[in-house]
Structures are given as C-alpha cells and as structure tokens.
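Hi there,

Here is the structure I promised to pass on to you. Have a look at it first, and then read my notes below.

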Amino acid sequence: DCINYMIELVIDRTFDGYMTEIETIYGQLEKIIGIKIEPASDEWDRLFNVDFFIKIGEKYIGLQIKPVNDGIQLTEMFKEHALQLKTHEKFTEKYGGKVFYVFSMKQDSKKVIANPEIIKEIQEEINRLNNKKK
C-alpha cells in the first residue's frame, strides 16, 4: 500500500508540474498575442493532438505545448511530430487554422517559451484568418 501511495504521489506531482508548466506557457503566450487561449477538449486532444486553441471568428488555431528538457531526446520529439502531422492536417481541414508547437523550457528557474519565433507565426496565422473573415 505504501508503495502504491508513493507511486500515485509521484504521478500526481509530475502531472501537476506538467499542468503548471503548460498554464504558465499559454498564459505568457496569451499576454503577448492579446487573444484568449482556451484549453482544448479531450476529444480534440485525442483526435487532433491539440492542447489549446485560439478562436478567430468561426475558425480555430491549435496549439500543442511541449516541455523540452535536457533529458528529452530530440529524435523522439521529431518522431512524435511526424506522427501528429496527419492529425494536425485534419484539424486545419476541419477548423481552418494551423496547429503550432510551442516548446517550453526552464530558464533561471522560470518557464519560458523555448521557440519564441513561433509567436510571429501564430500572429501571422491570426492575421490570415482575420482577413478571411472580411
């Protein structure tokens, strides 16, 4: 029983840390772009590998937030990205907007967006979808 409790505790803390990291990153991104970012449904997570979305009129942009640390192998991430590409294409076909990977990392004990160039790409996609609304 004690071992099961400890395993559950570790899993809970790991999950809580992961969720805090994701919330911190999407909170930073939301502040930068000035548009509400909302958590995706479990269905969208399963079908399209989308963690969060940005609604632009009747269209949606998907966001996949991934923590990157020294222990994570880039080859694994690229393999996962290749597998998710098809689901992201289906998301774009159905909802009009692209899906973007936002990577997070720890810098001076603070979580930051590891690929800040993605912000410009997301803003360009927002502009593209806003122009389609008119």
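**What turned up**

At 32% relative accessibility, Arg128 counts as partly exposed; buried means under 20% relative accessible area, exposed means over 50%, and partly exposed lies in between (1.4 Å probe, protein chains only). The side chain of Arg128 meets that of Glu125 in a salt bridge, at 2.8 Å from N to O. The term salt bridge stands for a side-chain nitrogen of Lys or Arg within 4 Å of a carboxyl oxygen of Asp or Glu. Glu125 itself counts as buried, with 3% relative accessibility. Arg128 and Glu125 are three residues apart in helix H4, so about one helical turn separates them.

Before going further, a word on the source: this is a predicted model, where local features need pLDDT of at least 70 and side-chain atom pairs count only at pLDDT 80 or more, while totals for chains, interfaces and linings use all residues. Residues are numbered from 1 along each chain as its sequence is written, and side-chain values use heavy atoms, with hydrogens and water left out.

How many salt bridges does the structure hold? There are two. Besides the pair above, Lys120 forms one with Glu124, and their closest N and O atoms are 3.2 Å apart. Both residues lie in helix H4 (residues 117-133), four residues apart, about one turn of the helix. Lys120 counts as exposed at 56% relative accessibility, whereas Glu124 is partly exposed at 43%.

Now for the overall layout. The protein has four helices and five strands, taken as DSSP runs (H or I, at least four residues, for helices; E, at least two, for strands) and numbered from the N terminus. Their order from the N terminus is α-β-α-β-β-α-β-β-α. Of the 134 residues, 36% count as buried.

Rings of Phe, Tyr and Trp (its six-membered ring) pair if their centres lie within 6.5 Å; planes under 30 degrees apart are stacked, over 60 edge-to-face, and the rest tilted. By this rule there are 12 aromatic pairs. In one of them, the rings of Trp44 and Phe91 have centres 5.4 Å apart and planes at 85°, so the pair is edge-to-face. Trp44 lies in helix H2 (residues 42-48) and Phe91 in helix H3 (residues 74-95), so the pair ties together parts 47 residues apart in sequence. Trp44 is buried at 11% relative accessibility, and Phe91 is buried at 0%.

Happy exploring!
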